[in-house]
Amino acid sequence: MSFNPLSTARLPARRALVLALTGSVLLAGVAIAADAPTAAGTAHPEQWPQRRSPIAPDPKLEKRIDALMAKMRVEEKVGQVVQGDIASITPDDLKTYRLGSILAGGSSDPGGQYNAPGKAWLQLADDFYAASMETSGGKYNAIPVIFGVDAVHGHNNVVGATLFPHNIGLGATHDPALMGEIAAATAAEMRATGIDWTFAPTLAVPQDDRWGRTYEGYSENPAVVRSYAGPLIQGLQGKPGSKDFLKGAHVVATAKHFLADGGTHEGRDQGDAQIDEATLRDVHGAGYPPALKAGVQAVMVSFSSWNGVKMSGNASLLDAVLKKRMGFDGFVVSDWNGHASVPGGSRENCVPSFVAGVDMIMAPDTWKGCYEHILAAENSHTLPAGRLDEAVRRILRVKFRAGMFEAGKPSTRGVAGQFELLGSPEHRAIARRAVRESLVLLKNDRNVLPLDPRKTLLIAGDGADDMMMQSGGWTLSWQGTGLTPEDFPGAQTIGAALREQVGKAGGKAELSADGKYTAKPDAAVVVFGETPYAEFQGDLKVLAYRPGDDRDLKLLKKLKAEGIPVVAVFLSGRPLWMNREINASDAFVAAWLPGSEGGGVADVLLRDATGKVQHDFRGTLSYSWPRTVVQSPLNVGQPGYDPQFAYGYGVSYAKPAKVGALSEDAGMDLASLGSETFFSRGTPATGWTVRVQSKVGKPRSLSQASGQKDAPDVAIAPIDYKAQEDSWRIEWKQDGELAFIAPRPLDLVRETNGNVMLLITMRVDVPPKQKGAELFMECGPGCSATLPIDASMASAPSDAWGKVGIPLKCFASRNGQMGNVSAPLGWRMPAGTVLSVHEVGFGTEAQHVLDCQAK
Ligand code: BGC
Ligand code: BGC
């Protein structure tokens with residue numbers, strides 16, 4: 001079959017034309033609505049590849065399942081199909097509820113300690129295992145619990161693990177064999193800490209780089225994903241039929257997210273893929289047949305929809321296509337509370353998703369409600385006959401195949417407890433090679449690279465000595481933020497690696513983030529780029545890099561103006577419009593998110609001490625690089641394809657090419673872009689206003705503090721915190737309200753589900769002296785949610801700045817309609833209260849988190 005990522009040939013002519021007009025976001029939206037595809041989210045199984053499981057049916061094993069199931073109470077069966085998160089379930093709960101699985105989500109760790117060591121993970125695995133084997137005096141059967149984590153670029157939840165480049169970098173290596181090595185190393189590190197199962201690999205084929213998860217995909221080209229899937233699965237799981245399949249140093253793998261997670265409209269995470277069935281199958285489904293052929297044992301359902309139908313509720317795809325047509329005989333797991341978004345479902349009610357064919361419901365903090373709903377449905381015979389048994393059988397089959405019933409507790413299995421595997425020299429060597437192979441040289445016009453390590457080098461930029469920026473999301477924390485250098489033992493930043501090699505070769509290197517130097521260098525390496533993000537928090541409106549903040553560009557230009565040859569090393573989870581930065585650099589390297597082995601970058605940038613090239617560039621783009629910020633979607637094979645750097649591009653020392661000056665027309669006015677922060681530098685963000693209301697006077701709407709100092713109701717004065725007039729001092733002279741009004745209603749459903757908070761950097765100058773302090777949120781006319789905060793205001797540290805987090809869930813549980821938030825934050829305060837506010841926005845890291853359950 002020929003490669004045709006968008007299958008535009010099969011689209012109605014009108015839509016194909018619109019797709020050709022890349023960047024015309026509005027137009028595309030209109031045209032797609034007018035041209036709604038006919039399939040309406042129901043698949044035709046006969047059009048999909050027919051397959052059989054690579055693992056022959058094993059009558060002996062199925063008999064063991066029969067025998068066990070014959071002894072299981074209905075409650076135990078229901079337990080098997082529900083998965084809870086370790087932040088919300090204890091081993092004691094498991095003894096009562098008999099859940100078949102637990103996970104540790106991106107923000108969940110043993111003891112709630114984000115940097116818990118391998119030993120703590122192993123102990124926790126043992127504790128949950130022991131609970132699952134405890135039979136309450138024979139009342140229940142001993143069925144080992146299966147423990148899953150997101151080991152998506154190495155065993156990234158555990159301190160000291162090897163951090164491999166994120167998948168976008170691995171795509172640029174075009175090296176399927178290397179994927180097998182990385183997967184096997186990751187599995188071994190997982191097993192050392194007692195974990196059975198990874199939610200990887202991501203087989204997404206991202207088609208719109210505005211998607212915050214672009215970096216989790218290997219390529220926009222389905223052929224790359226297709227060629228990687230098999231080696232990845234076998235590296236993780238071992239070979240079906242071999243003695244150590246799913247055992248020893250292997251784990252259970254998950255192909256995710258089924259299906260078209262990377263095909264959503266405008267690259268919106270958890271959005272809707274508005275595509276025909278052939279595109280669904282041939283582009284987004286490309287990795288699944290090889291993954292199934294390699295014996296993958298779990299498939300995770302996407303949060304997203306296909307033509308308006310939620311994947312988590314799509315029986316035609318989960319049951320008819322995946323299980324029946326394609327012969328998948330492992331189990332289907334849903335994504336984090338994905339069941340809540342299926343029509344008829346809710347956070348508590350996972351029945352509709354279960355009926356559609358999800359075998360294990362990922363109900364992190366809703367497992368109890370989910371369990372009770374399935375149990376009630378089974379007992380009242382409203383579940384389709386046999387559905388529960390089918391799901392249980394699939395889960396038990398995987399547990400038996402993995403030898404879990406014979407294996408004993410996690411700490412006694414295979415390589416468990418060999419913590420020296422975490423970040424072992426062998427694994428780091430694989431990662432370092434992967435880094436070298438992943439680098440894509442976009443420009444080297446004056447042959448500044450390779451650099452001579454015997455000379456004087458300046459190493460500058462925010463990213464030069466920053467493990468967080470190098471590692472990206474899904475690193476120790478969900479968003480990959482809030483970490484310290486001590487959290488990365490054994491890792492090396494790019495700056496440290498350059499300095500080490502230059503030092504050894506007899507040259508001089510100066511590391512200075514802001515680019516100030518003591519001795520004029522012979523060349524400068526500037527490392528900069530995106531700060532970490534995960535999932536929807538990384539979604540962009542356009543492919544602009546840090547709009548409104550040109551500090552990196554200024555640094556590049558400044559160095560160049562001083563006559564210093566400049567090498568830019570760009571860290572990012574996707575291609576972004578970088579023409580100005582590329583013009584300001586002599587050489588430009590796309591380094592993606594390389595992970596813990598910064599040495600891989602130095603190996604390619606620097607010659608050796610004798611002047612020889614150590615390693616040439618080998619990486620080529622697995623994603624097309626845009627010409628403007630509005631050029632998305634942009635994919636090879638698409639009509640009118642006109643990228644700045646095409647799919648497959650990459651120059652090298654052996655094959656140089658000249659780039660010359662690039663157009664600096666961004667394609668739109670960058671100043672008009674909004675951000676996650678809606679109050680900062682002493683003003684509401686563009687389009688936002690502040691509404692003040694009290695018993696005296698009329699409500700008024702402000703976009704700045706000037707003239708509000710002496711207001712008789714709520715007085716606002718600009719004050720200095722980190723910079724001049726960068727904060728507001730708000731004094732309630734009367735009982736009254738102050739609220740932040742959004743330019744248009746915000747949809748915060750995903751943020752709420754993902755435990756995102758409102759983050760307020762503030763100080764309590766004078767706490768309220770009477771009762772009645774409240775926070776509120778508004779959700780359109782007549783809709784609001786109110787949170788009393790008398791208790792927390794009374795205990796808040798006064799006179800100290802701090803970052804306070806208000807979980808969005810606090811509003812959702814008080815009838816807030818999170819899909820239509822018109823004002824995400826307001827204070828209602830009694831007269832006399834004084835607060836100073838520096839910044840308000842959304843995020844996941846706070847110093848003090850409001851406990852809204854507390855009375
Ligand atoms: C993500 C999955 C992940 C799961 C568990 C979800 O939000 O979409 O990729 O495996 O959480 O952390
Ligand atoms: C979890 C992640 C999950 C996300 C859902 C977070 O709170 O820690 O694992 O993927 O929510 O979007």
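An oxygen atom of ligand 2 sits 3.3 Å from an N or O atom in the side chain of Asn755. That is a polar contact, meaning a pair of N or O atoms within 3.5 Å; within protein, one must be able to donate a hydrogen and the other to accept it, and residues adjacent in sequence count only if both atoms are side-chain atoms. Taken alone, ligand 2 exposes 310 Å², and the protein buries 97% of that. Areas of this kind are accessible areas from the Shrake-Rupley method with a 1.4 Å probe; for residues, only the protein chains shown count as cover.

Before I go on, some ground rules. This is a predicted model, in which local features need pLDDT of at least 70, side-chain atom pairs count only at pLDDT 80 or more, and totals for chains, interfaces and linings use all residues. Residues are numbered from 1 along each chain as its sequence is written, chains are lettered from A and ligands numbered from 1 in the order in which they are written, and side-chain values use heavy atoms, with hydrogens and water left out.

Back to ligand 2. The backbone takes part as well: an N or O atom in the backbone of Ser107 lies 2.8 Å from an oxygen atom of the ligand, and a polar backbone atom of Gly754 is 3.2 Å from an oxygen atom of ligand 2. Which residues surround ligand 2? They are Gly105, Gly106, Ser107, Trp336, Trp474, Trp478, Glu535, Phe536, Gly754 and Asn755. A residue is near a molecule or strand here if one of its heavy atoms lies within 4 Å of it. Sorted by class, this shell has four nonpolar residues, five polar and one charged. Ala, Val, Leu, Ile, Met, Phe, Trp, Tyr, Cys and Pro count as nonpolar, Asp, Glu, Lys and Arg as charged, and the others, Gly among them, as polar.

Now ligand 1. It has 15 residues around it, and those that come nearest are Asp150, Arg213, Lys256, His257 and Asp335. Side chains supply the following contacts. For Arg213, a side-chain N or O atom is 2.6 Å from an oxygen atom of ligand 1. For His257, a polar side-chain atom lies 2.7 Å from a ligand 1 oxygen, and for Lys256 the distance is 2.9 Å. Of the 310 Å² of accessible area that ligand 1 has on its own, the protein covers 97%. The shell of ligand 1 divides into seven nonpolar, three polar and five charged residues.

What is the peptide bond from Lys256 to His257, cis or trans? The bond is cis, with omega near -10 degrees. His257 itself lies in strand S5, residues 254–258. Strands (E, at least two residues) and helices (H or I, at least four) are DSSP runs, numbered from the N terminus.

Next, a sheet. Six strands form an open sheet in the order S12-S17-S16-S15-S13-S14, with mixed pairing. Two strands pair if DSSP finds at least two bridges between them. The edges are S12 (440–444) and S14 (508–511), each pairing on one side only. On average, neighbouring strands in this sheet are turned by 15 degrees against each other, direction ignored. Inside the sheet, S13 (residues 456–460) and S15 (residues 523–529) pair in the parallel sense over four bridges, and Ile459 has Val525 in S15 as its bridge partner.

Helix H19 (residues 494–505) packs on this sheet: it touches S13, S14, S15 and S16 (566–571), and its direction makes about 160 degrees with that of S14. Contact means heavy atoms within 4.5 Å. Helix H20 (residues 551–561) lies across S13, S15 and S16, at about 175 degrees to S15. Axes are lines fitted to C-alpha atoms, for helices over the stretch in contact, and angles run from 0 to 180 degrees between N-to-C directions.

The loop between S12 and S13 has its own details. Pro450 is found there, and a cis peptide bond with omega of about -5 degrees joins Leu449 to Pro450. Asn447 is in that loop too; its phi is positive, about 50 degrees, although it is not a glycine.

Last, a hairpin. S18 (residues 677–680) and S19 (residues 683–684) pair in the antiparallel sense over two bridges, with Phe679 opposite Pro684. Two residues lie between the strands, and Arg681 in the turn has a positive phi of about 45 degrees. S18 is also joined by two bridges to S30 (residues 834–843), again antiparallel. There, Thr677 has Gly841 as its bridge partner.
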